[in-house]
Amino acid sequence: MPKSPIRKKKVKKKKSKKEYDDYFDGGYYEVIRKGKNVFTRLKMSKQEHAAWMLQIEENRPKLYEEIKQDIERVKNLINSHDKIYIIAGIASLAFEEMENNPEKDESDPEVSMEYCQSIALAFDNESTVIPTKEVLQKIYELIKKIRNDFKYYYLFENVNKQIPDVQAEIRAGMISESLYIRGEGYLKHIKELFAELFSSHDTFFQKHFGFNSGDIIKTIEDLEYSFRSRLTSKEGKPNPIFLNSFRKWQLSENNTPQSFLQQNPGFAIENGMPALYYVLEISSFEKLYRIRHLNEVQKKVVEVLSLKFGDNTEFGNCEILNDSKIFSYPIVQGKDENYYLFSMYLGARNYIRIAMNLIRQADLGYYNKSFLNNRVLISKDNFIERKVKTLFEKMLPGAKFYPNVKYNYPTPNVDIKCAKALDGNYELDILGISENATYFIEVKSGLLNEKAKRGALLTLHSDLTKLIGDAICQSYRAYRFALDNEDSFFTSCDLVQISPINRKNVYRISVSFSYMGGLISSLDKLQQFGVIENNVEFAWAVNIYDLMAFSEIIDSEQEFIDYLDRRIPLYQDKRLTNLDETALLGLFYEDDLNIHKDLKNTDTVSLNSRSYMKEIDAFFDKGGDKPKKKQSYMKRKI
């Protein structure tokens, strides 16, 4: 009889750090990247954590003193030199950093540039001293250090537990958004929304400013084009924009030097010829960033969007979260009526803010009665609701969407604040009906207050309640009304009774106009904060710019339903932080919205947003192919 083989005891393999794609040991904590997800995990015992927090509490006041000293150093360096060259130098360093690292997913250079411009414009430009490269680099590094130190100063603000942890976490999250995040949506969608929103007010713009709302975008874009056309590489190679303009001129019938300058008035001219400049050449700064007006209309735009040195006094003690006018007035007016645009992004990222500020400054009565008042057809509120309805019709062509439907729900079966009307009469912003599903959509076109963006808790709670909490409550009220009575119906604006076809697949959606960053996805925290009532279920909460992206990418209603079925449960995963909705769409297309959970006891999980959004970015920014799901819904079901 043959001997049986010796049974070997199975040895459990110990996971090695090499199994991770990236690993960082921070002593008290570790950061692990596996695939496109980043996990963090604390390694401290309770005693070690208590000692660490005590150390932070003791050192935090010292950090603030260090920040104040660094601010004084930066102010003194900026005020000791010609500020045109200072802002230009920091803009050039930021521009070079962004150009050399286009895939880097952070706004550090951009925010550094804004901070420098805010400080510089808070004071007069009295010095004529040209800064050296060393001075500019020192200012740039100090500005970065100040912002980074402020991040940790606010992050550990609640170390002594003066406010509940969830409040501290939400405040820190909002401040972090203000310090680090730039860009609310794709530029294509920002321009689209701007044009549709403000074109109805062009008569007002013409009357008060002598230009249309569209001239704001046209001017900023032409200024960026002119700036880039003046650039040359370190080796002296002309920018492709210049070369294209030059070739067109060569092929034209009238190709005299004079005609080239007439056709391209934004080019810099020296000795009667176009001049090109290297972005890091200090002697070229003033000429590189100076605006050459293209026409009289654009000259008016430049003048009305400019600040003089000393106009930004509200920036006060120059702490980074202070109010600053530069976001509404991105252009700088120097001496001798010369104007400068140092940051191309500053204008483009704030088109809507700029136009709203112009209306408010020109005629506060018109701003309140015609722009904000929802009883006026061309008002912002009415426009946003119409736009959201159009986006859903585009995304789900098989469904029918009804605006401002009414319903009577006299005895609600749930205790919520938004269901307390004595007559039981309510309204839903948009009702979507199809054979596959029913959609209850609430739209909030309000704006997040500047105080809220700086972390003022009372304002933040109030604004978030109006923009997210109320919308979720109101959609839940309509949802319960439809489910509590099989014969329930809604009444359209033209008094037609509408009954849901499908009462099994019901989806609630909250759409906001104001950008709130990652807070819009932190529904569990917002519920603890009292923004969302405990008696309601979570709805899909989305910003209008993300919705615009979804409307162009989602392939079918079934795909959208599949996304919502997988997305909404993720609100319950307390480990997920700083979620970007468009990145989640990328994860849905790549891996069915699966968040890897193989790392146990992880405190947080963050998505590598840039990686998941790569195809989506290419589609909107570069005209790439429309993203497609790697595994279709139907194949997976089979």
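Guide: What follows is an account of the disulfide search and of the cysteines around that topic. The model is predicted, so local features need pLDDT of at least 70 and side-chain atom pairs count only at pLDDT 80 or more, while totals for chains, interfaces and linings use all residues. Residues are numbered from 1 along each chain as its sequence is written, and side-chain values use heavy atoms, with hydrogens and water left out.

When the whole structure is searched, 1 disulfide is found, the term being used for a pair of cysteine sulfur atoms within 2.5 Å. The partners are C418 and C473, whose sulfur atoms lie 2.1 Å from each other, and the angle about their S-S bond is -95°, which makes the link left-handed. This pair connects distant parts of the chain, 55 residues apart: C418 belongs to the loop between strand 11 (400–408) and strand 12 (425–433), whereas C473 sits in helix 18 (residues 457–484). Helices here are DSSP runs of H or I with at least four residues, strands are runs of E with at least two, and both are numbered from the N terminus.

As for accessibility, C418 is buried because its relative accessible area is 14%, and C473 also counts as buried because its value is 4%; the cut-offs are under 20% for buried and over 50% for exposed, with partly exposed in between (1.4 Å probe, protein chains only).
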